Amino acid sequence: MGKGSRDDMLSALPDDILVNILDRLNVPEAARTSILARRWGQLCGKLSRLIISVQDFLPEGVLHSNVSVDELVRTNAAVVQATESILARRNPGEHTIRLLSTTFYLRDDAPLSIGRAVGHAMATHLVEVAKFSVRTGTDDIAEIDNDELVTCGRKFMVFFDACSNAFVGLTSLELQNLRFGESDISSILVSCKRLKHLHLYNCDSGEHSTLQVEHAHLNELCITQCRLTHVKLSWLPQLTLLVFDGWIDFDDPLFIGHVPLLTSVSLTNVALSFNKMFKLSEFLSSTSVQNLKLGFRSEKIWVQPECPTQSLASVFCQLRFVNLVNLPEGYDLTWTMFILEAAPLLKDLYITVWDHACSMEMDEKRKKKLYSEDKGVEWDSATADFQHRSLVTLVICGFESEDYFVNYVRRVMAAAVNLEDVFLYSRLLCANCKDEKQVRFPWTKRQRISLKKRITVGIESFAIIHSNKMVRDDHQAKILYPECSRFDTSC
């Protein structure tokens, strides 16, 4: 088929099909099609998905984390031009905007220009989902001092006050590296009446401040590396997902009030040697979550195992999926059995064991910052012949052919009488980690047969044991879930 014939076939497609094709491109790629013919330029004015991000205007290989000041200014200007241009092509009220998402740097007058263009679009079109992702130019918290946080916070509030018509229609807001005034966050929540997703990365109202959240429609709240003493979820009737990563006070850092729909919770923190352990029955009291992720960043276990109680049973009665992330290497995993004993409906248990060097303090810094050298926790089940009838899948990443791993798998298989699959993966790999240690993993067929015999001897179980080097894609997706904060820079 000749080139002319192909062009004719493409041009013969109806507008709605061509718009559907263009909707799958980012805005710069879609805009470039306008040079083909006048019709293509008109089609860009009918797009239903408008995703405009500074990342799409950065040179290949340049990321947010290493962008220069000149590139920052240039890409911000490109986002302003793209936002204004693509919105100006639209006929008022003609086509619904399903998604309008803009990612930009909090610098100069660019946010004001973007905010005004988005606000005008909201006034003249039906915009179903609108999102601002506001960046400050760095992802490394250590590079930002208190004065910069305050300055960025003031800049954002100037933007917020000047573009209130845009914030009224926002459904998603991601903020990074901001120190607000005492009442600023409350003002934002009051103004953003349609807000469903709020992501805060390194944001607070001063060191050791309290964040109190009340909102009628907020569905997803992510709080990552914020220097907060307390988080109070006072009234969030629509909240279903909470991500709380990094708290500085181990005395009741989280208060959960009226959150009747909360089903997914992710809690991650680094515990130092003097930090107390938490009872999940107290930490998550008044909830009945279905999906639970607990992250330890390769350091001390901060969860206190509990014997079965009515309060623990109430918290875990609906639990279906548990994901334990970056447990420290070399420590007994038996303590995790208390989750099985308290969660009768649990179907999937995922465990990642990994001393991730990139995110750990090493050598003398560990002593100075009082990191714990004994990271494990001992626990013996009070129920000798406990049986679990719902667990279907056990996934372990970072498995080694060590006795403590083998004994743990045997214990789970003996208790989970309906277990179907056990997936044992080698340790995760990180491109930034150097001198990865050698691990004892069953690489050969003979080693896998030997491991299977060690695990199954004396146990009656129909579970199939899979030992693989590479993690399956569907398991990888669950290991990362819930992962709502795009500002999380941990590798």
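**Ground rules**

Residues are numbered from 1 along each chain as its sequence is written, and side-chain values use heavy atoms, with hydrogens and water left out. In this predicted model, local features need pLDDT of at least 70 and side-chain atom pairs count only at pLDDT 80 or more, while totals for chains, interfaces and linings use all residues.

**Exercise 1. State the confidence of the model, and find a stretch with pLDDT below 50.**

Step 1. Recall the scale: pLDDT is the predictor's confidence in each residue, from 0 to 100.
Step 2. Take the chain. Its mean pLDDT is 89, and 91% of its residues reach 70 or more.
Step 3. Take the stretch. Residues 485-491 have a pLDDT below 50. Beyond near neighbours in sequence, the stretch still has 24 contacts in the model. Contact means heavy atoms within 4.5 Å.

**Exercise 2. Decide whether H388 is buried or exposed, and list what it touches.**

Step 1. H388 sits in the loop between α13 (364-368) and β15 (393-397). Helices (H or I, at least four residues) and strands (E, at least two) are DSSP runs, numbered from the N terminus.
Step 2. Apply the cut-offs. Buried means under 20% relative accessible area, exposed over 50%, partly exposed in between (1.4 Å probe, protein chains only). H388 has 2% relative accessibility, so H388 is buried.
Step 3. List the contacts. Not counting residues up to four places away in sequence, H388 touches L340, A343, P344, L345, L346, A415, A416, V417 and N418.
Step 4. Look at A343 again. The H388 side chain reaches the backbone oxygen of A343 at 2.7 Å.

**Exercise 3. Describe the setting of I351 in its strand.**

Step 1. I351 belongs to strand β14 (residues 348-353).
Step 2. Its relative accessible area is 1%, so I351 is buried.
Step 3. Leaving aside neighbours within four places in sequence, I351 is in contact with L324, L327, T336, V395, I396, C397 and Y408.
Step 4. Check V395. I351 and V395 are 44 residues apart in sequence, yet 6.2 Å apart in space, C-alpha to C-alpha.

**Exercise 4. Find two residues with positive phi that are not glycines, and say whether they are buried or exposed.**

Step 1. H208 has a positive phi of about 60 degrees. H208 is in the loop between β5 (197-204) and β6. Its relative accessible area is 56%, so H208 is exposed.
Step 2. S286 has a positive phi of about 75 degrees. S286 is in the loop between α10 (280-283) and β12 (291-295). Its relative accessible area is 56%, so S286 is exposed.

**Exercise 5. Check the span of helix α15.**

Step 1. Use the rule: expected span is 1.5 Å times one less than the number of residues.
Step 2. α15 (residues 445-456) has 12 residues and should span 16 Å.
Step 3. Its end C-alpha atoms are 17 Å apart, which agrees.
Step 4. Look past the end. G458 follows α15 and has a positive phi, near 80 degrees.

Notes: A polar contact is a pair of N or O atoms within 3.5 Å; within protein, one must be able to donate a hydrogen and the other to accept it, and residues adjacent in sequence count only if both atoms are side-chain atoms.
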